[in-house]
Amino acid sequence: MVAGPRGPAPGNVGGGSLIREATAEAIAEAASALRAGKLVGMPTETVYGIAADALSPSAIVATYELKRRPADNPLIVHVSGPEMASELASVWPKEARVLAESFWPGPLTLVLPKRDLIPSEATAGLPSVALRAPAHLVAARLIGAFGGPLTAPSANPFMGLSPTQATDIDPFIERGLAMILDGGPCEVGIESTVVDLSSGPPNVLRLGTISLAQIREILPDAVHELAERKAPGMYPRHYAPQTPLRIATKAPADAPALVFGEPGFGQIRMPSDPAAYARRLYAALAELDRHGADTIYAEAPPTGPEWDAVRDRLRKASTADR
Ligand code: TXA
Ligand code: MG
């Protein structure tokens with residue numbers, strides 16, 4: 001599943017940790033690395049991303065190579081806000097305007113028809129582009145210092161767990177970066193909600209902490225329909241630890257597990273609030289993954305719609321098939 005050792009990537013030839021406190025000076029340095037076509041580990045409120053110049057085909061290709069990501073899986077372009085977004089989309093409809101007014105900056109990605117300015121490498125050849133204005137101050141400052149849009153897929157190897165703290169970035173990913181800006185633990189913890197506004201009714205392609213119900217409060221005709229053709233990059237298995245994960249009503253007492261009640265040895269007690277659970281999820285799985293057990297268990301969360309996004313991530317993480 002995860003790529004094996006490779007030769008040194010261009011970013012960090014010398015080795016050693018690249019994690020830097022996100023001071024103004026470090027952000028300026030990161031912006032100039034991006035201008036030179038290099039890749040930077042960027043904190044966002046959802047998960048850490050691999051930032052690159054969104055208008056540079058070669059930087060984007062390097063991002064795909066580093067993640068071992070299939071070329072048919074499009075990237076999200078990070079912007080400072082609606083103004084920058086509307087320069088990259090060929091239309092900026094009312095639906096985009098109202099969603100951006102309600103949820104930007106924040107964990108919401110909007111898919112719109114793209115302008116030619118966006119290289120086809122960023123969108124996996126699709127005529128649409130995914131746009132998001134992140135709320136994390138360090139991400140916002142980096143986009144500002146760079147002065148343009150940044151592609152940023154989650155900073156995990158293809159299909160793996162997304163990092164929600166700088167120290168959880170995979171060493172093989174780290175080797176391809178010029179630096180990692182440390183923005184602390186991610187507040188949201190799971191990837192943004194993706195809404196396709198490029199054709200047909202607004203379609204929620206990926207669930208996140210902004211729920212389908214919240215989108216429908218603003219756009220009542222929004223749907224949640226995953227057709228393979230319309231939702232590239234949505235795989236049955238995703239966001240997965242290396243150790244097989246099983247969802248169980250009750251975890252065995254002696255196994256590494258995410259539990260709701262009193263934790264046994266090697267188990268992690270998870271919050272009973274869905275937002276707090278999401279914030280903790282990937283770091284907790286990464287922690288259990290390091291134990292080298294045969295199986296990790298996760299106790300099934302409650303059934304309500306407020307748990308939809310967490311259930312989606314657990315289901316994908318526990319699926320063996322690609
Ligand atoms: O929270 C997030 O969105 C994080 C942080 C770093 O911002 N980024 C992230 O990116 O999750 P990534 O590359 O792991 O996920 C991008 C997904 C694609 O797999 C695809 O499902 C969807 O966004 N996407 C991107 N462009 C699209 C397009 N043109 N049409 C449909 N879906 C698209
Ligand atoms: Mg990802």
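Colleague: In which loop is Pro105 found?
Modeller: This is a predicted model, in which local features need pLDDT of at least 70 and side-chain atom pairs count only at pLDDT 80 or more, while totals for chains, interfaces and linings use all residues. Residues are numbered from 1 along each chain as its sequence is written, chains are lettered from A and ligands numbered from 1 in the order written, and side-chain values use heavy atoms, without hydrogens and water. Helices (H or I, at least four residues) and strands (E, at least two) are DSSP runs numbered from the N terminus. Pro105 is in the loop between helix 4 (94-103) and strand 5.

Colleague: What is omega for the bond that joins Trp104 and Pro105?
Modeller: Most peptide bonds are trans. Trp104 and Pro105 are joined by a cis peptide bond, with omega about -10°.

Colleague: What is the phi of Arg68?
Modeller: Arg68 belongs to the loop between helix 2 (57-67) and strand 4. Most residues other than glycine have a negative phi. Arg68 is not a glycine, yet its phi is positive, at about 55°.

Colleague: Which residues come nearest to ligand 1?
Modeller: A residue is near a molecule if one of its heavy atoms lies within 4 Å of it. There are 26 residues around ligand 1, and those that come nearest are Thr46, Asn73, His78, Ser192 and Pro232.

Colleague: How many Å separate a polar side-chain atom of Arg206 from an oxygen atom of ligand 1?
Modeller: A polar contact is a pair of N or O atoms within 3.5 Å. The side chain of Thr46 has an N or O atom 2.7 Å from an oxygen atom of ligand 1, and a polar side-chain atom of Asn73 is 2.7 Å from a ligand 1 oxygen atom. For Arg206 the value is 2.9 Å.

Colleague: Where does ligand 1 sit?
Modeller: A pocket is an open set of points on a 1 Å grid over the protein atoms alone, where a 1.4 Å probe fits, with protein on both sides within 12 Å along at least five of seven lines. A molecule sits in a pocket if more than half of its atoms lie within 2 Å of its grid points. Ligand 1 sits in the largest pocket.

Colleague: Which strand gives the most to the shell around ligand 1?
Modeller: Strand 4 (76-78), strand 6 (128-132) and strand 10 (203-206) are the elements that give two or more residues to this shell. With three residues, the one that gives the most is strand 6.

Colleague: Which residues lie nearest the centre of the largest pocket?
Modeller: Lining residues have an atom within 4 Å of a point. The largest pocket has 41 of them, and nearest its centre lie Pro74, Ile76, Ala130, Val194 and Pro232.

Note on methods
A polar contact is a pair of N or O atoms within 3.5 Å; within protein, one must be able to donate a hydrogen and the other to accept it, and residues adjacent in sequence count only if both atoms are side-chain atoms.
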